[in-house]
Amino acid sequence: TAWATAKGRIITTLFAFRKADGWTLVLPGNLIARVTQRLRMFVLRANVELHPAPADAVLLGMDAAFAKTLKPDLQQRLLPHPAVTAQVQRFMLAASRDEYAEASATPALGASPFSARDWAQCDAESGLPWVDAETSEQFLPQELNLERWQGLSYTKGCFPGQEIIARLRYRGTVKRGLCRLLAPEILPSTLVSGRRLLDATGNPVATVLYAGCRAAEGTSVLAVVDFSTPPASVLYYEPGGAAIAVIGPVE
């Protein structure tokens with residue numbers, strides 16, 4: 001899902017998991033302090049407490065094979081990832097450093113945790129629109145294709161930004177949209193969140209959300225691309241830089 005401002009711009013995208021003792025929210029780390037502080041403004045008289053994860057916490061990503069190697073108490077804390085990528089079901093585990101070290105040291109044939117780049121690659125291939133501190137409050141939910149993930153509802157009642165978001169659906173035109181790009185393997189450190197991409201004439205026409213990389217497969221990039229100009233098949237991170245292929249919109 002996502003949290004929007006009164007102007008309909010997305011502050012952050014997040015997963016919300018219902019737990020026996022409340023909710024677990026998973027969102028980009030560089031927005032946790034800001035989101036927690038802002039959420040506390042809306043607690044009012046409700047019996048609600050907000051607890052950011054400890055500073056030494058690790059979010060461990062894994063597939064089903066690795067999940068089976070964990071101790072039963074850790075398996076009970078697994079959070080299922082909503083996207084199945086290449087027929088692989090993924091799981092997340094919020095763990096301490098000691099739990100992480102113990103889990104990672106578990107000998108299991110063909111089973112290991114995901115690297116951060118592999119995990120981001122799977123998310124990009126799935127079309128998950130992560131919004132972090134560098135892209136916060138820049139995009140409307142329709143521009144991030146949140147309807148595809150049932151992360152946007154027009155019937156749930158009032159929510160921040162509802163008027164602008166609904167007006168865009170019923171009376172407006174979406175001028176930007178989520179696209180998959182494929183870049184050379186050498187570029188993941190360059191294609192950081194918030195990076196503007198250029199067309200052949202040097203005009204900025206896209207904004208990178210994030211990039212992931214697996215060896216020999218290039219770099220998968222998720223970006224919001226301007227639809228108001230003729231669509232480009234190739235974009236660039238700088239004039240004369242390496243070509244980044246536009247695979248197409250996330251449907």
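**Exercise 1. Give the strand order and the pairing sense of the open sheet of 3 strands.**

Step 1. The order is β5-β7-β6, and the pairing is antiparallel. Strands here are DSSP runs (E, at least two residues), and helices are runs of H or I with at least four residues, both numbered from the N terminus. Two strands pair if DSSP finds at least two bridges between them.

Step 2. Find the edges. They are β5 (58–63) and β6 (79–85), each of which pairs on one side only.

A note on the model: it is predicted, so local features need pLDDT of at least 70 and side-chain atom pairs count only at pLDDT 80 or more, while totals for chains, interfaces and linings use all residues. Residues are numbered from 1 along each chain as its sequence is written, and side-chain values use heavy atoms, with hydrogens and water left out.

**Exercise 2. Work out how β7 is joined to β5 and to β6.**

Step 1. Take β5 first. β5 and β7 run antiparallel and share 6 bridges. Asp63 sits opposite Arg90 of β7.

Step 2. Check the cover of β5. Of its 6 residues, 5 are buried, where buried means under 20% relative accessible area, exposed over 50%, and partly exposed in between (1.4 Å probe, protein chains only).

Step 3. Turn to β6. It is joined to β7 (residues 88–95) by 4 bridges, again antiparallel. Pro80 stands opposite Phe91, and Leu79 stands opposite Met92.

Step 4. Look at the connection. β6 and β7 form a hairpin with 2 residues between them. Ala86, in the turn, has a positive phi of about 55°.

**Exercise 3. Describe the surroundings of Val88.**

Step 1. Val88 belongs to strand β7.

Step 2. Val88 counts as partly exposed because its relative accessibility is 30%.

Step 3. List its contacts (heavy atoms within 4.5 Å). Leaving out residues up to four places away in sequence, Val88 touches Asp63, Ala83 and Phe114.

Step 4. Compare chain and space. Val88 and Ala65 are 23 residues apart in sequence, with 9.8 Å from C-alpha to C-alpha.

**Exercise 4. Trace the pairings of β13 with β8 and β12.**

Step 1. β8 (residues 176–183) pairs with β13 (residues 243–249) in the antiparallel sense over 4 bridges. Leu182 faces Ala245 in this pairing.

Step 2. β12 (residues 234–236) pairs with β13 over 3 bridges, also antiparallel. Tyr236 has Ala243 as its bridge partner.

Step 3. β12 and β13 form a hairpin with 6 residues between them. In the turn, Gly240 has a positive phi of about 80°.

**Exercise 5. Is Leu44 buried or exposed, and is Asn145 buried or exposed?**

Step 1. Start with the backbone. Leu44 has a positive phi near 55°, in a residue other than glycine. For Asn145, also not a glycine, phi is positive and near 60°.

Step 2. Locate both. Leu44 lies in the loop between α1 (32–40) and β5. Asn145 lies in the loop between α5 (116–126) and α6 (162–170).

Step 3. Leu44 is exposed, because its relative accessible area is 75%. Asn145 is buried, because its value is 17%.

**Exercise 6. Characterise the second largest pocket.**

Step 1. A pocket is an open set of points on a 1 Å grid over the protein atoms alone, where a 1.4 Å probe fits, with protein on both sides within 12 Å along at least five of seven lines; lining residues have an atom within 4 Å of a point.

Step 2. Give the volume, which is the space filled by probe spheres set on the points. It is about 190 Å³.

Step 3. Inspect the lining. Among its residues are Phe15, Pro82, Trp130, Trp149 and Gln150. The lining divides into 8 nonpolar, 4 polar and no charged residues. Ala, Val, Leu, Ile, Met, Phe, Trp, Tyr, Cys and Pro count as nonpolar, Asp, Glu, Lys and Arg as charged, and the others, Gly among them, as polar.
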